[in-house]
Amino acid sequence: AAARRKNTLHDMHTYLHRLGLNLNNNDVADYGDGNANDDISANNNNKNNIHLPSLIFHVTGTKGKGSTLSLCESILRNAYGLNTGMFTSPHLVDIRERIRINGVPVSKKVFGQVYWQVRRKLEHYSQHGDDDDDDAGASLPPLPVLPGYFRMLTLMALYTFCHFENPKIDAILLEVGVGGRYDATNVFEPHYTHLASSSSSSSSTTTTCPSSMARERLLVRGVTLIDYDHTRVLGSTLEQIAWEKGGIFVREKMKNIGMNDGGYDAFLKKDRTNEAEKVIVEGQSSSHTTVFANGNNTPEVLLVLQQISDEHGCRLQIVQDSYLESFPEIGLQGDHQRSNAALALSMCRFAMEEGRYKNEASCQSFTTISEEELKGALEKTFWPGRCHTVTLPSLLSDDGVEVSMNLRCDGAHTPISINACIDWFRHVVDVGATSSSSTSPRATANQELQRVLIFNCSHERNPLPLLFSLYHSNLFHSVYFCKADFERPSAVPKRLDGDWTKETLANEKFHDGLAVTLEGMCAEISAYSLLKEDGSAMDL
């Protein structure tokens with residue numbers, strides 16, 4: 001599995017080649033049949049109908065990838081008027097959430113037909129295609145005809161964005177799945193390939209860039225806050241995790257990333273004596289290779305990102321929260337979202353105003369967007385399941401008492417994000433206690449506001465550090481542990497014995513002189529019914 005992971009980029013380029021999608025130059029091949037629908041290009045066998053958007057956003061990190069990308073998407077769409085295609089993971093309820101057009105998940109019809117088009121093309125190629133060197137990893141088994149779960153969804157997203165007809169996509173936004181260096185989304189080269197404007201067979205009178213004008217593909221890359229997560233795969237130190245994430249900065253990826261790249265050890269041993277002489281690809285200015293990072297990362301993480309940037313001819317722009325001072329309100333709740341918004345705004349401004357991206361329809365650069373337009377786009381951003389409040393309709397109990405409830409939902413799963421979630425929850429509880437808003441449950445003189453924690457954690461993660469912070473927040477009257485309705489396949493075995501509840505958090509984590517255990521914390525927390533008999537309001 002580790003070897004196959006390191007070969008991900010080669011595998012993905014093989015699959016893209018079989019689909020007729022060469023994302024890094026004009027040579028788009030044609031390999032087989034596909035059926036069309038109202039939104040997907042009606043003639044997918046004709047390479048001239050493949051539309052390769054010339055603006056690509058690629059975001060990695062541990063915390064805030066999806067939030068940052070959703071902020072970028074809102075800015076590009078609502079302030080700059082671009083049509084966007086966004087790929088994120090995971091989904092909350094419906095798998096179609098991962099592939100969005102202009103902020104909206106694709107329809108069941110589009111999702112189904114894209115799946116079958118991609119599948120049929122790959123199966124058709126396996127029977128009729130030429131040898132495309134799919135066994136570049138000599139020690140690896142042959143590449144499967146159909147890719148695994150995340151690779152398949154990534155291919156479906158790229159296929160959708162390159163074939164969508166109504167509207168044609170101006171900008172692709174990709175969220176890394178795990179890491180970045182060996183991730184299935186890391187398929188775009190940072191060089192600026194000149195792409196000839198595709199001519200449309202439509203009779204539309206819309207003005208387009210003349211075919212003689214080459215379009216430069218602009219790749220905008222950013223790294224959000226890096227924390228400990230997926231350590232079994234990415235490494236046990238923040239520096240090693242940063243090296244994995246910084247892999248999206250690499251140029252000539254097929255050459256520099258793969259089975260023989262030497263891994264993190266080779267990076268540590270590299271002689272950096274002359275690294276101040278940055279490598280700039282011939283014909284490019286340094287502004288073309290600007291990459292971005294959240295300034296709240298540790299100095300050690302930023303040093304690794306800087307070293308990777310220097311090695312691959314990039315100018316690293318570190319974005320501080322102060323970049324957002326002119327924008328007091330954003331659509332996403334929680335103070336921690338402001339650093340994500342600052343990163344998103346910096347990336348978008350660079351792409352649209354400094355990076356020379358031109359609107360394909362008008363050939364015009366974007367240099368006159370007002371702060372009011374950007375402010376409106378930030379305020380319109382919505383990203384479900386992240387510091388997200390769902391207010392349930394009020395109900396009357398049997399004795400005529402009005403019962404109301406807010407669900408405060410967040411997907412925090414590292415200690416840093418749990419603490420950010422706690423800060424947000426404490427704020428909304430305090431505001432709710434004094435608010436006169438009809439959408440905010442309040443405790444009356446005869447009611448006590450009940451704060452109930454409903455907690456779920458996958459077996460791949462240790463819940464104790466997360467619960468430790470929640471326990472010491474003193475915010476909750478009771479706690480309920482819930483199993484997920486669905487559990488994804490995992491290489492990490494489940495702990496079936498009960499002894500893990502007695503394991504200590506860590507040697508340095510003690511409370512009142514005693515080692516902290518889940519069993520000990522649970523023994524001090526009372527249990528309540530979700531709906532109390534007296535009809536008291538609750539805030540989850």
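Biologist: In which sense do strand β1 and strand β8 pair, and over how many bridges?

Modeller: Happy to start there, keeping in mind that this is a predicted model. Strands of a sheet pair through backbone hydrogen bonds, either parallel or antiparallel. Here strand β1 covers residues 55–60 and strand β8 covers residues 218–223. The two pair in the parallel sense, over six bridges.

Biologist: Which residue of β8 stands opposite Val59?

Modeller: Strand β1 spans residues 55–60, and its partner β8 spans 218–223. Looking across to β8, the residue opposite Val59 is Gly222.

Biologist: Which strands are the edge strands of the open sheet?

Modeller: The open sheet has eight strands with mixed pairing, in the order β4-β3-β2-β5-β1-β8-β9-β10. An edge strand pairs on one side only, and this holds for residues 104–105 and for residues 315–319. Those edge strands are β4 and β10.

Biologist: Thanks! Stepping back, how many helices and strands are there in the chain?

Modeller: The chain has 540 residues, and 49% of them count as buried. Its accessible surface comes to about 25,600 Å², with 50% belonging to carbon and sulfur atoms. As for the elements you asked about, the chain has 15 helices and 17 strands.

Biologist: Where does Met259 lie, and is Met259 buried or partly exposed?

Modeller: Met259 sits in the loop between α8 (253–256) and α9 (263–269). Leaving aside neighbours within four places in sequence, Met259 is in contact with Ala3, Lys6, Asn7, Ser139 and Leu140. Because its relative accessible area is 27%, Met259 counts as partly exposed.

Biologist: How many residues of helix α3 are buried?

Modeller: Helix α3 runs over residues 65–79 and reaches 21 Å from its first C-alpha to its last, close to the 21 Å expected at 1.5 Å a residue. The helix is followed by Gly81, whose phi is positive, near 75°. α3 is mostly covered, and of its 15 residues the number buried is 13.

Biologist: Which side chain joins Thr84 in a polar contact of 2.6 Å?

Modeller: Thr84 lies in strand β2. With a relative accessible area of 0%, Thr84 is buried. Its contacts, not counting residues up to four places away in sequence, include Leu76, Arg77, Ile101 and Ile169. The side chain that makes the 2.6 Å polar contact with Thr84 belongs to Glu73.

Biologist: Why does Arg96 count as buried?

Modeller: Arg96 has its place in the loop between β2 (84–87) and β3 (99–101). Not counting residues up to four places away in sequence, Arg96 touches Pro105, Val106, Ser107, Lys108 and Phe111. Buried means under 20% relative accessible area, so Arg96 counts as buried because its relative accessibility is 17%.

Biologist: Which residues form salt bridges with Glu252?

Modeller: Side chains of opposite charge can pair when their charged atoms come close. Glu252 is partly exposed at a relative accessible area of 37%, while Arg251 is buried at 19% and Lys255 counts as exposed at 66%. The closest N and O atoms are 3.9 Å apart for Glu252 with Arg251 and 3.8 Å apart for Glu252 with Lys255. The partners of Glu252 are therefore Arg251 and Lys255.

Biologist: And how far apart are the closest N and O atoms in the salt bridge of Asp11 with Arg4?

Modeller: The structure holds 14 salt bridges, so to speak of one of them, take Asp11 with Arg4. Both Asp11 and Arg4 are buried. Salt bridges that share partners also join Arg4, Asp11 and Arg151 into one network. In the Asp11 and Arg4 bridge, the closest N and O atoms are separated by 2.9 Å.

Note on methods. Residues are numbered from 1 along each chain as its sequence is written. This is a predicted model: local features need pLDDT of at least 70, side-chain atom pairs count only at pLDDT 80 or more; totals for chains, interfaces and linings use all residues. Side-chain values use heavy atoms; hydrogens and water are left out. Two strands pair if DSSP finds at least two bridges between them. Helices (H or I, at least four residues) and strands (E, at least two) are DSSP runs, numbered from the N terminus. Buried means under 20% relative accessible area, exposed over 50%, partly exposed in between (1.4 Å probe, protein chains only). Accessible areas come from the Shrake-Rupley method with a 1.4 Å probe; for residues, only the protein chains shown count as cover. A salt bridge is a side-chain nitrogen of Lys or Arg within 4 Å of a carboxyl oxygen of Asp or Glu. Contact means heavy atoms within 4.5 Å. The expected span of a helix is 1.5 Å times one less than its number of residues. A polar contact is a pair of N or O atoms within 3.5 Å; within protein, one must be able to donate a hydrogen and the other to accept it, and residues adjacent in sequence count only if both atoms are side-chain atoms.
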